[in-house]
Amino acid sequence: MKTNFDEIVERRHSGSLKWDGIEERLGIKEKDLLPMWVADMDFKTPATVREAISEKLQHGVLGYAGSYDTYYESVLDWMKERYQWTPQKDWMVHGGNLVSVLTRLIRVYSNPGDKVLIQPPVYGSFRNLIKSNHREVVENPLQQTKNGYEIDFIDFEKKLQEQVSLFLLCSPHNPVGRVWSYEELEKMGSLCKKYNVLVIADEVHADLTFKNKKHIPFLAVDKAFEENGILCTAPHKAFNLAGLEISSTFIPSAERRDRYTKEMLRDGYNKPNLLGVTAAEAAYRRGGKWLEEVVDYIEKNHQYLQERLRQEMPPLHVTEAEAGYLAWIDCRKSGYEAETLNKAFIKKGKLLLSNGTGFGTGGEGFFRMNLACPRSVLQEGVSRLLRSFD
């Protein structure tokens with residue numbers, strides 16, 4: 001039976017960051033906002049996952065997690081079946097949420113004052129983690145062309161020559177929705193290897209790649225990249241499991257892996273979340289059909305947004321996405337400054353989007369809209385967006 005993604009699930013007063021944590025996180029006190037900002041879904045987690053969690057709860061003992069080989073195997077099988085990539089089991093290190101994993105990776109593989117490369121406009125935590133750990137941000141801004149966002153490889157190599165230690169690769173890219181091609185990944189990886197730069201690939205949105213595109217894991221591009229590459233992934237985005245904080249990090253180098261696991265122990269982290277392991281294994285083992293359905297629904301939400309803005313607000317342009325449920329809307333031709341628009345969305349439209357300024361260089365005048373919601377909610381969100389211009 002197909003999932004009914006049109007079902008409205010009331011998330012208010014459920015302890016949801018997206019719906020209940022707006023004032024706490026953002027300091028916004030406006031009431032009756034429709035939140036389309038933070039990146040989780042308004043759809044129920046797959047029934048197969050909820051059933052697995054229910055079985056664990058019915059067992060009745062929620063002690064420490066242990067003996068999670070079957071979880072590791074489920075991740076490895078998923079990678080092989082979905083991406084034709086066969087990483088080794090001993091490369092895997094379990095972890096919590098990916099932000100905590102990324103900050104630990106930055107600490108382990110660079111020193112205070114080191115340079116870390118990013119490609120803005122990009123997930124805001126990249127910049128924040130680099131700066132909060134006293135490293136220097138170096139930018140290789142993506143170039144917006146008539147064909148979409150592209151990498152400026154001349155600038156990319158120039159920046160690598162500035163004694164960069166790490167490169168944080170967002171693949172697929174948040175917020176612009178690009179799925180990097182084999183050629184792009186190979187060129188980035190080869191240049192990083194040439195200049196001895198470690199690549200940390202955040203691939204949390206990979207499973208949400210649209211059917212006409214193919215995601216390629218960074219470590220699958222070239223065996224040589226195993227020497228200077230680390231891959232991070234999680235079922236958070238694809239199966240709506242962010243609250244259970246379970247992730248997997250692939251570190252092929254035994255020496256690097258040993259350094260990382262020692263840092264985990266210094267952090268006091270040595271066990272995954274019990275329900276997170278249970279949920280992730282169920283998702284990878286039995287969630288494939290649900291994922292196909294939700295990706296199809298999300299892709300149609302993208303098409304709905306594009307078509308409606310094209311008809312009713314032509315100055316606004318939705319970037320053509322290739323993966324994910326985050327729409328990147330160019331409002332620069334609206335005639336309004338970004339901050340004026342942001343206030344209008346909140347005050348007049350009662351709509352909360354992510355302001356593009358939070359994604360760094362190239363984000364000014366853009367807004368990110370979360371489309372992982374029932375079509376009726378999206379319709380209301382677009383109506384509120386349009387009402388902001390009245």
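Reader: Which residue stands opposite L168, and in which strand?

Author: Strands of a sheet pair through backbone hydrogen bonds, in either a parallel or an antiparallel sense. In this predicted model, L168 stands opposite I200 in strand 8, where strands are DSSP runs of E of at least two residues and helices are runs of H or I of at least four, both numbered from the N terminus. Strand 7 (residues 164-170) pairs with strand 8 (residues 198-202) in the parallel sense over 5 bridges, and two strands count as paired if DSSP finds at least two bridges between them.

Reader: What is the order of the strands in the open sheet?

Author: The open sheet has 7 strands in the order 2-10-9-8-7-3-4, and its pairing is mixed. Strand 2 (92-95) and strand 4 (136-139) stand at the edges with a single partner strand each, so one side of each is left without a neighbour in the sheet. Neighbouring strands of this sheet are turned by 25° against each other on average, direction ignored; axes are lines fitted to C-alpha atoms, for helices over the stretch in contact, and angles run from 0 to 180 degrees between N-to-C directions.

Reader: How many salt bridges does a search of the whole structure find?

Author: Side chains of opposite charge can pair when their charged atoms come close. The search finds 32 salt bridges, each being a side-chain nitrogen of Lys or Arg within 4 Å of a carboxyl oxygen of Asp or Glu. K18 forms one with D42, the closest N and O atoms being 3.3 Å apart. This pair links distant parts of the chain, with K18 in helix 1 (residues 17-20) and D42 in the loop between strand 1 (34-35) and helix 3 (47-59), 24 residues apart.

Reader: Are K18 and D42 buried or exposed?

Author: Both K18 and D42 are buried, where buried means under 20% relative accessible area, exposed over 50%, and partly exposed in between (1.4 Å probe, protein chains only).

Reader: Where do E263 and R266 lie?

Author: Both lie in helix 11 (residues 254-266), 3 residues apart, which is about one turn of the helix. E263 is buried because its relative accessible area is 14%, whereas R266, at 60% relative accessibility, counts as exposed. Salt bridges that share partners join R104, R107, E263, R266 and D267 into one network.

Reader: What conventions apply to these values?

Author: Residues are numbered from 1 along each chain as its sequence is written, and side-chain values use heavy atoms, with hydrogens and water left out. Local features need pLDDT of at least 70 and side-chain atom pairs count only at pLDDT 80 or more, while totals for chains, interfaces and linings use all residues.
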